[in-house]
Amino acid sequence: MDIIWLRDFEALVAQKNFSRAAEERNVSQPAFSRRIRALEDTVGVKLINRQTLPLSLTPAGEVFLSQARVMLRTFEETIERCQVIDAAGENVIRFATSQSLYMTHYKTHIAPLVEQGGLDIDLNSTSWAADQFVSALQQGYCDVILTYWHPSMDFLAPLEAAQCEYITLGRDDFIPVAKGGAEGPLFHMGKGQNKPVPLLSYGTASALRAVVDSLLRGQVDGPKILVMNRNVLAISVKAMILEGFGMGWLPRELCREELDEGRLMQIGDESFVEKLEVRLYRSVENAKPTLSRLWNEISAASG
């Protein structure tokens, strides 16, 4: 199967017209149609319903579309990983972390040591799915991952079994917050409330989703919760809370400034608070000298 055919198929789904899709793909319509036919022949089923206007997908085409997008994303990430690995010198330390940890614990604990040591850092601050951080470390795409840790985060389990070690860089509280105002928080988490509390939560790709789910499972007599939105990024969840769309859980360090200013307020009692660890993971088989030096410095500073 040619990767070009998958891009053609994606273009056709978007345009719902062979002529416009061919133009987008910078190829003649006959050639474009032949490539779509070749794709269908390879898959062994009809993907496009040509009897409708505009064009539509067959049931098999709907299934294939979701998988085609996964294949294209995997292909693009693989190319990117190969290029980064090839470009990175032996002295470059490749970090991978979430945006929230980059803005908090990385800048506080790691950046000063990097600057003092004059080290070259390739920092990938990303919105990857949680398990992609694990696979990136295992496959050598990065040298270190900086991640939250909580007992509910099963996606980190493979690192415990593999040749990996970690440093606990620090700890953070995972707290429920709501938009603040002169009369107090916009939402409350008291028991016995009849009106559901709107929750801005995390999608399955987020490491923090498991912590929220664990918290809510433990609140047998807690307030009724209505999930309003799910997002991968804690920064995006914070932005929506600040707009007053609902309450949600955030790492305290990520919203410390807003708490100090009163724009956000912590709600609920201590039973709604979870403890997070902030961990650095690396493979013990990674013998890069600059990494070993930085690892020892971070370990000494954290000890």
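A residue is taken as buried when its relative accessible area is under 20%, and by this criterion buried residues make up 45% of the 303 residues in the protein, which is described here from a predicted model. The secondary structure comes to 11 helices and 11 strands, and the C-alpha atoms fill a box of roughly 65 × 60 × 35 Å when this is taken along the principal axes. Of the contacts in the protein with a separation of 6 or more, 74% are accounted for by residues 24 or more positions apart.

The packing of two helices was examined at the level of individual residues. The axes of helix 1, which spans residues 3-15, and helix 3, which spans residues 29-43, come within 9 Å and cross at roughly 110°. Angles of 65 to 115 degrees count as roughly perpendicular, and helix 1 and helix 3 are therefore roughly perpendicular to each other. On the side of helix 1 the contact is made by I4, W5, L6, D8, F9 and L12, while helix 3 contributes F32, R35, I36, A38, L39 and T42. Classified by type, the residues of this contact between helix 1 and helix 3 divide into nine nonpolar, one polar and two charged.

F95 and I121 are 26 residues apart in sequence, whereas their C-alpha atoms are 7.1 Å apart in space.

Rolling a probe the size of a water molecule over the atoms shows where empty space is left. The count comes to one cavity of 30 Å³ or more, and the volume of the largest cavity is about 240 Å³. The lining of the largest cavity is formed by 23 residues, of which S98, F133, S206, A207 and V232 lie nearest its centre. Two or more residues of this lining are given by each of strand 3, helix 5 (99-117), helix 6 (130-138), strand 5 (144-149) and helix 9 (234-242).

Notes
Residues are numbered from 1 along each chain as its sequence is written. This is a predicted model: local features need pLDDT of at least 70, side-chain atom pairs count only at pLDDT 80 or more; totals for chains, interfaces and linings use all residues. Side-chain values use heavy atoms; hydrogens and water are left out. Axes are lines fitted to C-alpha atoms, for helices over the stretch in contact, and angles run from 0 to 180 degrees between N-to-C directions. Helices (H or I, at least four residues) and strands (E, at least two) are DSSP runs, numbered from the N terminus. Angles under 35 degrees count as roughly parallel, over 145 as roughly antiparallel, 65 to 115 as roughly perpendicular and the rest as oblique. Contact means heavy atoms within 4.5 Å. Ala, Val, Leu, Ile, Met, Phe, Trp, Tyr, Cys and Pro count as nonpolar, Asp, Glu, Lys and Arg as charged, and the others, Gly among them, as polar. On a 1 Å grid over the protein atoms alone, a cavity is a set of points where a 1.4 Å probe fits but cannot get out, and a pocket is an open set with protein on both sides within 12 Å along at least five of seven lines; lining residues have an atom within 4 Å of a point. Grid points are joined across faces, edges and corners, and a volume is the space filled by probe spheres set on the points. Buried means under 20% relative accessible area, exposed over 50%, partly exposed in between (1.4 Å probe, protein chains only).
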